[in-house]
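Please read this note with the sequence and the model side by side. The points are meant to be checked one at a time.

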Amino acid sequence: MRLILRFFGFLFTLGTIVFLVGGAAAAVLVWHFSKDLPDYTQLQEYEPPVMTRVHAVDGSLLAEYARERRLYLPIQAIPKRVINAFLAAEDKNFYEHGGLDFTGIARAGVLLVQNFGSNRRPQGASTITQQVAKNFLLTNEVSFERKIKEALLALKIERTYSKDRILELYLNEIYLGFSAYGVAAASLLYFDKSVSDLSIAEAAYLAALPKAPSQLHPFRQRERALERRNYVIERLSENGWITAAEAEAARKEPLNVTPRPTGAHIFAGEYFAEEVRREILEKFGEKRLYEGGLSIRTTLDPKMQVMARKAFTDGLVRFDETQGWRGPVTKIDVSGDWGVRLADVRALADVAPWRLAVVLETSDQTVRVGLQPTREPGGAVSRERAVGIVPLDAMKWARATSGPSRGKPVAKASQVLDPGDVVYVEPLAGKDGQFRLRQIPEISGAMVVMDPVTGRVIALVGGFSFDQSQFDRATQAMRQPGSSIKPLVYAAALDNGYTPSTIVVDAPIEIDQGPGIGVWRPENYSTGKYYGPQTLRFGIEHSRNVMTVRLAQDIGMPLVAEYAKRFGIYDNMPPYLSYALGAGETTVMRMTTAYSMIANGGRRITPTLIDRIQDRTGKTIYKHDQRECRGCEAEGWQNQAEPGLIDRREQVLDPMTAYQITSIMEGVVLRGTGSTVAAVGKPVAGKTGTTNDEKDVWFVGFTPELAVGVYLGYDKPRHIGRGASGGHMAAPIVRDFLKVALADKPAVPFRVPPGIKLIRIDAQTGTRAGPGTAKAILEAYKPGTAPAESTAYAGTLGPDGQPLGVTPEVDRAVRTGTGGLY
């Protein structure tokens, strides 16, 4: 008996020694690993990289920019079904343990012993708190040391933070595949819906992903993904978080993953979105753009954008089809399954409703085509094969490309297309299964639509297809504006003593440009045709080059250059007379901005694509409108005056001059080179432009509420075609756009500023109209400048050696020092 007691005493002593030594060793280990633990208190201020989101003016999403696609949600905003799904999949005892789940550790140890020698992956026993410690503070290194640190950090985190805070960090940080970080982004990218709209089955699938998202891919590993999703559903049911009936229904639900597009989310908004991205990058830097979680409210009106893009692309196609058929995109073999081969041909993604198609067979009157099949979300080519017919009438524009009829209207469809040709087609309205032959235009250009009062860019089209070319011709293409710059020359004259009825000679002129340069003989667009003495109004309405040169000579090119800089057309314009005809280079954005300043009565504006930017906390860090609002801070109405905006923007042009030039440009639309725009049926002012050798054509114009600028030209400048002009090519685009943009708006006349006098004038002579005047118009005059019966000619000298070119009243103003020519 004594021997037995001694034996047990020995065992107790040995156990005590082992326990003490083990405890001491554990304490030493804890002390050793605790020395280098990361600072877990940083989790309190943790701000993960969050997506920057760009919205249109109506709140619709335009674009998202991020390295890690994440939307941070507080735990209160995450539905209980989503939280329970992740707890069921990852840590069902989360709200009971203190950071380490010893039951789970024991279970994992038992399974490790049972599976020893097999290739089965050991079951993990990490709690959500341990995963937070690893994801936020440690690396993914597989080592005993990392596991010890992870456990120690988990215990410290549990003592410092609430369970909800830990779970919030976890659900917003985890990577769930598809470039999604956190449950909110994953919900959008997998199912294109808010996390609050997820079904039980959808929440279960997301909860299944943290362990191995690539191995549970919804398309490549569909069966495995379904198996893991259903496992999570079973755990939810076992834990009593859903009923057996809900579990059964969820298991039967198919895995309907519908990936969300990651480009521009508004059709035709790609150029606009990219311009915004560049601006944010310049203002705030790369890190703030891709990680800062900025909320950007832009000026884009989605409806206007679609209207502008359609009018613009229709104009490009309309001209391009007059140039004839250039041939198919490519050729493929149509024997066997042509769909797979056609699916491999890259189609432009943003030219809807155009479709890529292959010619299957031709006849005299029709062409049978097969449409490019779609791809399944996983990348496989759809098995559906759709075919259609292109009738002869829908391809006659192409003209014959071979044989004796080459270049002439086609008599047979087979004269244009052959089997195997890959082409673009567009559905014919109201004719199911019938299509029109299309081709990508060679000519390009740009279009800008702006609010002339504020400078807000409502729509922007930078080319035919962003998918084809990301070069934004609205802001990046430097092109000669041609005659569209003339209103600025005439505005400078009107601001300095001239009137709309001042007579200028439209006749040949020679200008000696100095030694080594020679004599310059400017010509009108209609070469050899001159009209003699004409009014300033006539000079703009009919875009007379020689009259503009004479006027620029009279007022001096330094003054013209100063006005061009004031309106932002050029930064530093050389004082060469050719620049008065638009020889310098500028952008559509700059030209539209300049015309907007005329439209708004001469106030300076800065074009903007962004209304407001907020940081991730909702604080406004930028806004475009800097006008002061007096009375806007009132908490309630107490019979005070209504709030008012204080506009301190610079006045770059006399409001009366702005109205005079507006009235003259309204004449361009009513009876001048831009007369095609008169079909809008509402007040529109504007000016056409055509450059040397017809390389670029322009129309820039405005109504009281919209300013629009359009230019067309080849990216590598070359002759567009004989007779090409802004009035025939660019103006119809503006006409088509304004017709639909203003369709439901009343006709609003241009505002006449105080002081302007409207007088009935003979449009031909610039004198006061009499009872029998055939062509009488209402002309706008500043006080004291109304015309008398006599006139004088600009560009010639009088007996006293002074330049003629103004009415007697203006001449009097010049001599008395009010105004001045130079």
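**Notes on the predicted model**

1. Aromatic pairs. The count of aromatic pairs comes to 16, where rings of Phe, Tyr and Trp (its six-membered ring) pair if their centres lie within 6.5 Å, with planes under 30 degrees apart called stacked, over 60 edge-to-face and the rest tilted. The pair Tyr-175 and Tyr-181 is tilted, because the ring planes stand at 50 degrees, with the centres 4.9 Å apart. Ring pairs also link Phe-178, Tyr-190, Phe-191 and Tyr-205 into a cluster.

2. Basis of the values. This is a predicted model, in which local features need pLDDT of at least 70 and side-chain atom pairs count only at pLDDT 80 or more, while totals for chains, interfaces and linings use all residues. Residues are numbered from 1 along each chain as its sequence is written, and side-chain values use heavy atoms, with hydrogens and water left out.

3. The chain as a whole. The secondary structure comes to 23 helices and 29 strands; helices (H or I, at least four residues) and strands (E, at least two) are DSSP runs, numbered from the N terminus. Of the 822 residues of the chain, 51% count as buried. Buried means under 20% relative accessible area, exposed means over 50%, and partly exposed lies in between (1.4 Å probe, protein chains only). Among contacts (heavy atoms within 4.5 Å) with a separation of 6 or more, 68% are between residues 24 or more positions apart.

4. Is Tyr-175 buried, exposed or partly exposed? Tyr-175 counts as partly exposed, because its relative accessibility is 38%. Ser-179 lies in the loop between helix H6 (163-173) and strand S4 (180-181). Its phi is near 65 degrees, a positive value in a residue other than glycine. Ser-179 has a relative accessible area of 40%, so it is partly exposed.

5. Charges over rings. A charge sits over a ring if NZ of Lys or CZ of Arg is within 6 Å of the ring centre and within 35 degrees of the ring normal. Lys-163 lies over the face of Phe-94, at 4.5 Å from the ring centre. Arg-718 lies over the face of Tyr-714, at 3.7 Å from the ring centre.

6. A buried glutamate. Glu-90 is found in helix H2 (residues 80-90). With a relative accessibility of 10%, Glu-90 counts as buried. Leaving out residues up to four places away in sequence, Glu-90 touches Ser-126, Ile-128, Gln-131, Tyr-170, Ala-207, Pro-210, Lys-211 and Arg-228.

7. The second largest pocket. About 820 Å³ of space lies in this pocket. A pocket, on a 1 Å grid over the protein atoms alone, is an open set of points where a 1.4 Å probe fits, with protein on both sides within 12 Å along at least five of seven lines; lining residues have an atom within 4 Å of a point. Grid points are joined across faces, edges and corners, and the volume is the space filled by probe spheres set on the points. The second largest pocket is lined by 32 residues, and Ser-483, Asn-524, Tyr-525, Asn-545 and Thr-690 lie nearest its centre. Strand S22 (685-690) and helix H21 (726-729) are the elements that give two or more residues to this lining. By class, the lining has six nonpolar, 21 polar and five charged residues. Here Ala, Val, Leu, Ile, Met, Phe, Trp, Tyr, Cys and Pro count as nonpolar, Asp, Glu, Lys and Arg as charged, and the others, Gly among them, as polar.

8. Helix H22. Which residues of H22 are buried? They are Ala-731, Pro-732, Ile-733, Val-734, Arg-735, Phe-737, Leu-738 and Ala-741. The helix spans residues 731-741 and is mostly covered, with eight of its eleven residues buried. The buried residues pack against helix H13 (302-322), strand S12 (444-450), strand S23 (696-702), strand S24 (707-713) and H21.

9. Loop residues. Pro-353, in the loop between helix H14 (338-343) and strand S7 (355-362), is joined to Ala-352 by a cis peptide bond, with omega about 10 degrees. Glu-694 lies in the loop between S22 and S23; its phi is near 50 degrees, a positive value in a residue other than glycine. Glu-694 counts as buried, at 16% relative accessibility.
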